[in-house]
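Colleague: I am new to this model and would like a close look at one part of it. Please connect that part to the rest of the chain as you go.

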Amino acid sequence: MKNIVLTGFMGSGKTTIGKLIAEKLDIELIDTDSEVIKEFGMTIDKIFEVHGEKRFREVETRVIERVSKLENVVISTGGGVVLNPENVKLLRENGVIYFLYASAENILKRLKDDDTRPLLKNGDKLSNIIRLLNMRMPFYKNCDFEINTDILTPELAAEKIISIHLAKESKR
């Protein structure tokens, strides 16, 4: 079975939904942010502070190169992974890309108590979310399927992705 690749903005539900999918299908969940954290031995917040975003993205791409070669796994990606076309190309080779979409307002609600997001630290959180979402949207749209997590619970979103994925796999 091809990998289930979850992309989307921070707070869109990638990790939560990814865990549910992995559980239901009894397959492994790979979270690329967690893999980057392991490589550096520090939090993403600290990586950005010490090494900068550019270095974070370089290691993120190295992680994508490695995990995209796996088979029959759920890959939950970091919110900015789609900014590098090479990452998307690698993930698509052995995976189906599901873009999890949420409105800026819902993302803000989900992240309101989260101070670990380096790209939201300075200035107004909602303004930063809107700016980043608008800038990244064309990259997120380079997907196979879009799932609106504003209107679906995590459980229903997971079921919908599984249903789409299994139907797609049965036609291969």
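What is the relative accessible area of Thr 15?

Modeller: Thr 15 has a relative accessible area of 32%. Thr 15 is therefore called partly exposed, a class that lies between buried (under 20%) and exposed (over 50%), using a 1.4 Å probe and the protein chains only. The model is predicted, so local features need pLDDT of at least 70 and side-chain atom pairs count only at pLDDT 80 or more, while totals for chains, interfaces and linings use all residues. Residues are numbered from 1 along each chain as its sequence is written, and side-chain values use heavy atoms, with hydrogens and water left out.

Thr 15 sits in helix H1, which covers residues 14-25. Helices and strands here are DSSP runs numbered from the N terminus, with at least four residues of H or I for a helix and at least two of E for a strand. Leaving aside residues up to four places away in sequence, Thr 15 touches Leu 29, Asp 31 and Ser 76, where contact means heavy atoms within 4.5 Å. Strand E2 spans 28-31 and strand E3 spans 73-76.

UniProt, in an unreviewed entry, places the feature "binding site" at Thr 15. Such annotations may be inferred rather than shown by experiment; their positions follow the numbering used here, and the feature names are shortened. An annotation with that name covers Gly 11, Ser 12, Gly 13, Lys 14, Thr 15, Thr 16 and Arg 117 in the unreviewed entry.

With a relative accessible area of 1%, Ser 12 is buried. Beyond its sequence neighbours up to four places away, Ser 12 touches Ile 17, Leu 100, Ala 102, Arg 110 and Thr 149.

The unreviewed UniProt entry also lists Asp 33, Arg 57, Gly 79 and Arg 136 under "binding site". Gly 79 is in the loop between E3 and helix H4, residues 85-93. Gly 79 counts as buried because its relative accessible area is 14%. With residues up to four places away left out, the contacts of Gly 79 are Gly 8, Met 10, Lys 14, Arg 136 and Tyr 140. Asp 33 lies in helix H2, residues 32-40. Outside the four-place range in sequence, Asp 33 touches Ile 44, Phe 56, Glu 60 and Gly 78.

Back at H1, the loop that leads from this helix to E2 holds Asp 26. Asp 26 counts as exposed because its relative accessibility is 71%. Its phi is near 55°, a positive value in a residue other than glycine. Asn 72 also has a positive phi, near 60°, and is a residue other than glycine. Asn 72 is in the loop between helix H3 (44-67) and E3, and is partly exposed at 33%.

The loop between H3 and E3 also holds Ser 68, which is buried with a relative accessible area of 7%. Among the residues Ser 68 touches, apart from those up to four places away in sequence, are Asn 3, Leu 90 and Asn 94. Ser 68 and Arg 92 are 24 residues apart in sequence, and their C-alpha atoms lie 8.1 Å apart.

Now the chain as a whole. It has seven helices and five strands, in the order β-α-β-α-α-β-α-β-α-α-β-α along the sequence. Of the contacts with a separation of 6 or more, 71% join residues 24 or more positions apart. Of the 172 residues, 49% are buried. Along the principal axes, the C-alpha atoms fill a box of roughly 45 × 35 × 25 Å.
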